Amino acid sequence: MASLSRRTRFRYSLGSFVTGGFGTVPGLLLLPYLTDTMAVPAAAAGVIVFVPKAWDVVFNPIAGRLSDADLARTGSRRRFLLRGGIGVAILFAALFAHPGFGTPVWDAAYVVAMFFLCATAYAFFQVPFNALPAELTDSAEERTKLTSVRIGVLAVAVLVSGGGAPAITDLLPGVAGYRVMGLVMAVIILAATLGVYFGLKGAPVGSLRPNTVRLKELARTIAQWRSFRWLLGVYFIQALGIGTVLAAIPYFAQHVLGDPSYRTYLFVGFVGPALVTMPVWPRLGARWGKLVGFRIATTSFFVGLVAMYFADKLPFAATLVFVALAGVGYAGISVFPLAILPDLISAEEERTGETRAGVTAGVWTASETLGLALGPGLLGIVLQAGSYVSSTGSTAVPQPPSAITAIVIGASVLPAVLIALGIPLLRRSVLEKRP
């Protein structure tokens, strides 16, 4: 099959502004949005962030089957991309609109409903988006190139959304900042959706195989597909760690470092080095093996997170160095799972003779969203155990020492342990074919 053009790679990768925005901003800001503008208790806020995305565990595989069926009928997944992306844009703006019903219960109920709908729309975008690399080309080399471009654009998207969203909320006090931020992010998501939809018009599509249509068959496939389950386990555990540290950044900046504006510096210090080192990781993987690179990246992330435990005793510049080290590792653990996944999909499709890209993407997306949602949920429980004091408005209230300790643990120790738990699962005998 002919190689993909650079234009096709770039246009496909524009979808990363949708995945990057939705994956980053709620994980970074939704918990403090609830605790510090609606006075929702920390544990309850953690549950609110988790429950709507838990729905994706059930729905995303279904979205994958629907996407596979639509591909078989029309020869394209673009329709799902368009409708899902438009839905995400509209509902994202609504999520941070803060209607102000006057009580934490009703305000929280509104957030649950909007987040639930937004997560559903996101499934219709991300599932086909993740399935496309295995179908745009039959070449493993071309898929690696496509994934590398996608990861590079994703790093830019995460930097723009994760650095820009907190900065916008800092410009305007209280709920006004969140409302403006939601609208700005919605425009970015909509533009990216239209870019990938129109950009892939006429793009090549690989050979179509019979569609897997039964959930029982899907469950049997996953149960027998050991290499995929192994990689999925690593991805879920590390997504859980990433979700925890992202949710902790605003609290860490405000209550440990003493300045809420530091959350932008922390996030840029985390994602900036990731952006710079994204192209390096595929080269390291090509030379020493993807699993070796994966292990090195995991170790880098772990060391950087552990060092953040001492941030209150270190100069801020030194803290940023360790944040950057964690960011370098974050780049690697973002690159390697997505580089390994298409190869596993192709091997399984060749073995069975049936489409696996859509349903696999559904399960993969469900795992990612569940991990990223559970992270803030875990942090909420930790904050509640530390007696964190929720509030309304833009002025921070004094926190007891136990709450400060809980924030430090949630920002460093807890995610570090979760990230490190992935290392024993990176088994060469399972994830790499022996010659």
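In which helix is Trp 364 found? Trp 364 is found in helix H15, residues 357-385; helices (H or I, at least four residues) and strands (E, at least two) are DSSP runs, numbered from the N terminus.

1. Basis. The model is predicted: local features need pLDDT of at least 70, side-chain atom pairs count only at pLDDT 80 or more, and totals for chains, interfaces and linings use all residues. Residues are numbered from 1 along each chain as its sequence is written, and side-chain values use heavy atoms, with hydrogens and water left out.

2. Overall figures. The protein chain has 17 helices and 0 strands. Of its 435 residues, 58% count as buried, where buried means under 20% relative accessible area, exposed over 50%, and partly exposed in between (1.4 Å probe, protein chains only). The accessible surface is about 16600 Å², and carbon and sulfur atoms account for 67% of that; areas come from the Shrake-Rupley method with a 1.4 Å probe, and for residues only the protein chains shown count as cover. Among contacts between residues at least 6 apart in sequence, 84% join residues at least 24 apart, a contact being heavy atoms within 4.5 Å.

3. Trp 364. With a relative accessible area of 1%, Trp 364 is buried. Leaving out residues up to four places away in sequence, Trp 364 touches Asn 130, Phe 228, Leu 231, Leu 232, Tyr 235, Pro 337, Leu 338 and Leu 341. For Leu 231, the separation from Trp 364 is 133 residues in sequence and 9.7 Å in space, C-alpha to C-alpha.

4. Leu 383. Helix H15 also holds Leu 383, which counts as buried because its relative accessibility is 0%. Apart from neighbours within four places in sequence, Leu 383 is in contact with Leu 31, Ala 42, Tyr 251, Tyr 388, Ala 406 and Ile 407. Between Leu 383 and Ile 404 there are 8.7 Å, C-alpha to C-alpha, at a sequence separation of 21 residues.

5. Helix H10. The 31 residues of H10 (residues 226-256) should span 45 Å at 1.5 Å a residue, and the end C-alpha atoms are 43 Å apart, which agrees; the expected span is 1.5 Å times one less than the number of residues. A kink of about 40° lies at Ala 248, shortly before the proline Pro 250. That bend is the angle between axes fitted to the seven residues ending at a residue and the seven starting there. H10 is mostly covered, with 25 of its 31 residues buried. After H10 comes Gly 258, whose phi is positive, near 90°.

6. Helix H13. H13 (residues 290-307) has 18 residues and reaches 26 Å from first to last C-alpha, close to the 26 Å expected. Its buried residues include Leu 291, Phe 294, Ala 297, Phe 301 and Leu 305.

7. Salt bridges. The criterion is a side-chain nitrogen of Lys or Arg within 4 Å of a carboxyl oxygen of Asp or Glu, and the count comes to 2. One joins Arg 263 and Asp 170 at 2.8 Å, N to O. This pair links distant parts of the chain, 93 residues apart: Arg 263 is in helix H11 (residues 262-277) and Asp 170 in helix H7 (residues 140-171). Arg 263 is buried at 9% relative accessibility, whereas Asp 170 is partly exposed at 35%. Another salt bridge joins Lys 313 and Asp 312 at 3.6 Å, N to O; Lys 313 counts as exposed because its relative accessibility is 63%.

8. Nonpolar patch. Tyr 309, Phe 310, Leu 314, Ile 409, Val 413, Val 417 and Leu 421 make a nonpolar surface patch of about 560 Å². Patches are made of residues with over 30% relative accessible area and no salt bridge, like charges being joined within 9 Å and nonpolar side chains (Val, Leu, Ile, Met, Phe, Trp, Tyr) within 5 Å. Ile 409 lies in helix H16 (residues 401-420) and is partly exposed at 33% relative accessibility.

9. Backbone points to check. Most residues other than glycine have a negative phi. His 98, not a glycine, has a positive phi of about 50°; His 98 sits in the loop between helix H4 (78-95) and helix H5 (104-131) and is buried, with a relative accessible area of 7%. Ser 387, not a glycine either, has a positive phi of about 65°. Ser 387 is in the loop between H15 and H16 and counts as partly exposed at 42% relative accessibility.
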